[in-house]
Amino acid sequence: MTDLKASVKGKTYLPVHTENGPAPVKRKLRAIRLDDVFDIVGSIASSLSLTYLLFGWLTGLQSTVGFVVVNFVLFLISYAAITALKNPREEIKDRVITVLLGSAGVILMSALLFVVVYTLGRGQLALGHLNFFTTSMEQAGPLQPLSVGGIVHAIVGTLIQITIALAVTIPLGITTAVFLNEIGGKFARFVRTIADAMTALPSIVAGLFVLSAFIRTGLVPRSGFAASLAITVMMLPIVIRASDVVLRLVANNLREASLALGATKWRTVWHIVLPTARSGLVTAVILGTARGIGETSPVLLTSGISAVMNFNPFAGPMISLPLQVFDFVKSPEPTMIARGFGTAATLLVLVLILFVLARTFGGKAPGNLSKGAQRAANRQSLADEQRIENLMAVRLASKKTQRRNIKE
Amino acid sequence: MAKATQKTYLRDPKTPDVDFSSRRSLIALASFSDKVFAWVARSGGVVTLGIMIAVGLFLGLRAQSAFGSQGWGFLTETAWTPENGKFGIAAVLFGTVTIAIIALCVSIPLAMGTSLLISEVLPERIRGLAISLVDLMAAVPSVIFGLWGVFFLQANIIPISLWVSQTFSWIPFLAVSDKSGNPLTDPSAFTSSAVIAGIVVGLMVVPTQTSVMREAFSQTPLGEKEGALALGSTRWGMIRAVVLPFGRGGIIGGTMLGLGRALGETIAVYMIISPIFEINPEILKSGTNSVSALIALRYGEASDTGLSALMAAGLVLFLITLVINFSASSIVSRSRSGAESN
């Protein structure tokens with residue numbers, strides 16, 4: 001230490017990184033010590049054996065759920081006890097709580113995984129038959145085997161209903177969100193409050209509204225179109241709210257830069273705000289679609305159950321996938337229940353695809369582009385530069401001729 | 001001068017001598033395209049508002065006759081027989097609230113735990129995946145949760161219900177007894193109960209609550225968290241002293257948003273419960289009801305009076321969820337964690 005001091009006396013000492021010398025090692029702040037691992041393994045072993053003793057030998061308890069619960073409680077106790085050997089109280093609390101937080105996450109995730117796997121697993125029986133996707137239930141009664149009948153009519157119904165609903169929701173929802181953000185004012189705040197309030201509307205009440213305002217008054221028959229009206233009423237506030245949040249995230253200096261360059265408000269919205277928020281808007285619409293596709297009760301009230309293919313949304317009942325699930329599992333016949341699970345699996349896969357699409361297209365903060373989008377933006381901006389230069393050249397030329405004309 | 005403000009000088013060589021000493025007017029005249037844009041956007045807002053108000057007004061107007069014929073009795077009557085002119089939502093409202101409370105008991109610990117786990121414990125790499133999974137859970141259709149509840153959960157929960165009802169029969173709402181008060185042990189007395197529906201609905205609302213809570217927790221100022229750790233606190237100490245107080249608004253708001261969804265849930269509840277029109281305080285016992293399940297059950301057979309009665313029930317449900325949602329969002333936005341978002 002002394003010779004080091006002597007050699008660098010009066011200088012600021014910088015850590016030396018040489019190839020031979022020891023470089024300073026960064027300390028791991030959250031390292032797991034071997035002790036901690038042993039604590040956990042030991043507690044698991046002791047709680048498991050204790051529970052096993054309790055259930056098999058000492059008492060007459062028997063139940064899988066009971067086993068898991070007792071095991072978990074015993075694990076917590078023994079883990080706390082082992083920790084207490086070497087650590088202060090705060091540390092014990094910290095570890096027990098961390099275990100509790102972790103188990104909450106594990107329970108939730110396994111519940112989700114279980115619901116998905118259970119549905120897909122029991123759906124296998126029906127999904128194995130190709131006719132399940134190519135025929136309708138017109139010829140198939142409850143007693144027919146799975147090789148007869150299918151759900152193509154429900155798939156078509158779902159697609160038609162959601163298409164009509166989206167045709168209204170996307171333009172209207174995004175226009176409204178643009179209005180709330182870009183125009184603003186007192187009226188816009190009022191609209192935002194009402195739209196927020198409508199997100200509280202239970203979907204069945206939306207169905208009841210369409211039933212009583214359109215169907216019972218004779219304006220629209222019970223049909224796929226009526227169902228899409230109900231889905232629209234339900235989806236519109238969701239899409240508005242989500243797009244509103246996304247548009248609000250667009251940085252204000254982008255808008256100001258555009259306006260300062262002389263763009264009109266409309267050009268700013270069309271060329272700056274909407275492209276910047278595109279991925280978020282796509283996510284908002286896709287997640288809204290996933291909610292709309294999964295709704296059962298509005299379709300039940302407004303369109304009703306049918307077993308035949310119906311391409312016409314304006315006449316006759318048109319069933320959708322979730323409603324078909326609901327209808328199938330009302331029957332006590334095992335084949336119908338198998339069909340119900342098959343339909344549910346189809347619906348689930350559809351929602352999963354939509355969700356993955358939403359994550360691929362969107363999920364990025366405004367302004368963060370994927371590589372392809374970045375290249376496209378660069379190309380566009382090069383083209384813009386070229387265009388502006390050409391324009392300037394033309395302007396300059398015309399000015400010169402003008403000047404010449406004035407001189408002459 | 002006023003003329004000059006509307007012109008662009010640079011392009012016009014004919015007016016080179018402009019007096020720059022006086023102030024320019026800063027009022028911008030909207031261009032034609034801007035006028036059209038503003039008009040289109042505004043009319044979009046008006047149409048949306050029109051639809052929303054139409055729904056509210058229509059519900060209110062159609063429900064009026066039902067309210068008028070029953071008066072305050074609508075809230076205290078348990079029977080639902082519009083054909084005899086006697087109906088009320090006391091029983092269904094009681095069932096709705098019971099199911100929602102059970103759902104909250106299931107969902108709050110799960111949502112709090114998961115959101116703290118995601119925001120405080122999980123490393124950066126896994127965090128995104130965990131958030132995606134929670135969002136995915138929100139997108140799973142309710143009919144699929146209902147299916148799972150009916151075909152899997154019900155069979156597996158009956159032994160536990162039986163055990164709980166026998167062990168804790170001294171707690172009034174956990175006991176399961178017949179009309180004369182004798183305890184029931186037949187498994188069929190435990191099917192289709194409020195507890196089963198409540199657990200399923202609870203799982204369905206966890207994602208809503210988790211995302212609101214996580215959003216609030218993740219905005220905790222890093223400086224305050226590091227300050228707590230630097231003072232020697234453990235992670236849990238830091239969470240208790242900094243994160244939880246900071247995210248209180250998010251916790252309350254998220255819980256209430258989940259409550260709003262739990263109250264309005266229809267199809268999963270409808271698939272699980274066996275509807276009754278009396279107040280059943282024994283939550284483990286078969287038979288309960290909910291407003292939305294009532295609507296799904298009775299919409300087909302309803303006459304005009306019946307429809308109006310259903311509208312009234314739907315309106316009451318809507319008003320309750322509305323109040324809950326509004327107070328939730330005002331709590332979130334007034335709290336420290338919500339001041340910068342939304």
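Predicted model: local features only at pLDDT ≥ 70, side-chain atom pairs only at ≥ 80, totals over all residues.
Residues are numbered from 1 along each chain as its sequence is written, and chains are lettered from A in the order in which they are written. Local features need pLDDT of at least 70, side-chain atom pairs count only at pLDDT 80 or more, totals for chains, interfaces and linings use all residues, and side-chain values use heavy atoms, with hydrogens and water left out.

Trainee: How many salt bridges are there over all chains?
Mentor: Side chains of opposite charge can pair when their charged atoms come close. The rule asks for a side-chain nitrogen of Lys or Arg within 4 Å of a carboxyl oxygen of Asp or Glu. By that rule, the count over all chains is 12.

Trainee: Which residue meets Asp35(A) in a salt bridge?
Mentor: The N to O distance is 3.1 Å, and the partner of Asp35(A) is Lys86(A). Asp35(A) sits in helix H2 (residues 34-58) and Lys86(A) in helix H3 (residues 64-86) of chain A, so the pair ties together parts 51 residues apart in sequence. Helices here are DSSP runs (H or I, at least four residues), numbered from the N terminus. The name asked for is Lys86(A).

Trainee: Is Lys86(A) buried or exposed?
Mentor: Buried means under 20% relative accessible area, exposed over 50%, partly exposed in between (1.4 Å probe, protein chains only). Asp35(A), at 38%, counts as partly exposed. Lys86(A) has 54% relative accessibility, so this residue counts as exposed.

Trainee: How far apart are the closest N and O atoms of Arg241(A) and Asp196(A)?
Mentor: Arg241(A) is in helix H8 (residues 224-248) and Asp196(A) in helix H6 (residues 186-198) of chain A, 45 residues apart. Arg241(A) is partly exposed at 32%, and Asp196(A) is partly exposed at 25%. Their salt bridge has its closest N and O atoms at 3.8 Å.

Trainee: Where is Asn131(A), and which residue's backbone oxygen lies 3.3 Å from a polar atom of its side chain?
Mentor: Asn131(A) is in the loop between helix H4 (89-127) and helix H5 (152-183) of chain A. Asn131(A) is buried, with a relative accessible area of 16%. The backbone oxygen at 3.3 Å belongs to Leu146(A).

Trainee: What separates the C-alpha atoms of Leu143(A) and Val115(A)?
Mentor: Leu143(A) also lies in the loop between H4 and H5 of chain A. Leu143(A) is exposed, at 69% relative accessible area. Along the chain, Leu143(A) and Val115(A) are 28 residues apart, and their C-alpha separation is 28 Å.

Trainee: What is the C-alpha separation of Leu117(B) and Val205(B)?
Mentor: Leu117(B) is found in helix H4 (residues 90-121) of chain B. Leu117(B) counts as buried, at 12% relative accessibility. Leu117(B) and Val205(B) are 88 residues apart along the chain, with C-alpha atoms separated by 18 Å.

Conventions: Helix = DSSP H or I, 4+ residues; strand = E, 2+ residues; numbered from the N terminus. Polar contact = N/O pair within 3.5 Å; in protein donor to acceptor, adjacent residues only side chain to side chain.
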